[in-house]
Amino acid sequence: MCNTRYMDAAVTQLRSDGLDVRDEDGARLSPFVRHHINMLGRYSFQLPELPGGLRPLRDPDTVDEG
């Protein structure tokens with residue numbers, strides 16, 4: 001569920017930055033399009049309380065060091 005929360009935060013940030021993020025495009029987003037999600041395990045969909053909230057989103061204008 002963390003993927004969903006971060007995708008929502010990213011879309012909200014893009015919209016607040018003035019980018020046109022259409023609802024039709026958002027409907028195509030899926031948190032299950034990642035290799036690191038194990039589709040054979042057990043899952044809990046109860047959202048944990050995150051101390052301090054979400055980590056800050058990556059700034060697209062900074063250069064990755066790695």
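Okay, quick definition before we start: a residue is buried under 20% relative accessible area, exposed over 50%, and partly exposed in between, using a 1.4 Å probe and protein chains only. Take Asp-25, for instance, which is partly exposed at a relative accessible area of 31%.

Now, what are we looking at? This is a predicted model, where local features need pLDDT of at least 70 and side-chain atom pairs count only at pLDDT 80 or more, while totals for chains, interfaces and linings use all residues. Residues are numbered from 1 along each chain as its sequence is written, and side-chain values use heavy atoms, with hydrogens and water left out.

The overall picture, then. The protein has two helices and zero strands; those are DSSP runs numbered from the N terminus, H or I with at least four residues for helices, E with at least two for strands. Of its 66 residues, 6% count as buried. The accessible surface comes to about 6,300 Å², and carbon and sulfur atoms hold 54% of that. Those areas come from the Shrake-Rupley method with a 1.4 Å probe, and for residues only the protein chains shown count as cover.

On to contacts, meaning heavy atoms within 4.5 Å. If you take the contacts with a separation of 6 or more, 61% of them are between residues 24 or more positions apart. And here's a pair to find on the screen: Thr-4 and Leu-29 sit 25 residues apart in sequence, with their C-alphas 9.1 Å apart in space. Thr-4 is in helix α1, residues 2-16, and is partly exposed at 33%.

Side chains of opposite charge can pair when their charged atoms come close. I'm calling something a salt bridge when a side-chain nitrogen of Lys or Arg is within 4 Å of a carboxyl oxygen of Asp or Glu. How many salt bridges does that rule give? Three.

One of them joins Asp-23 to Arg-15, with the closest N and O atoms 2.9 Å apart. Asp-23 is exposed, at 57% relative accessibility, whereas Arg-15 is partly exposed at 38%.

Which residues are linked in a network of salt bridges? That would be Arg-22, Glu-24 and Asp-25. Arg-22 pairs with Asp-25 at 3.1 Å between the closest N and O atoms, and with Glu-24 at 3.7 Å, N to O. Arg-22 counts as partly exposed at 41%, and Glu-24 is partly exposed too, at 48%.
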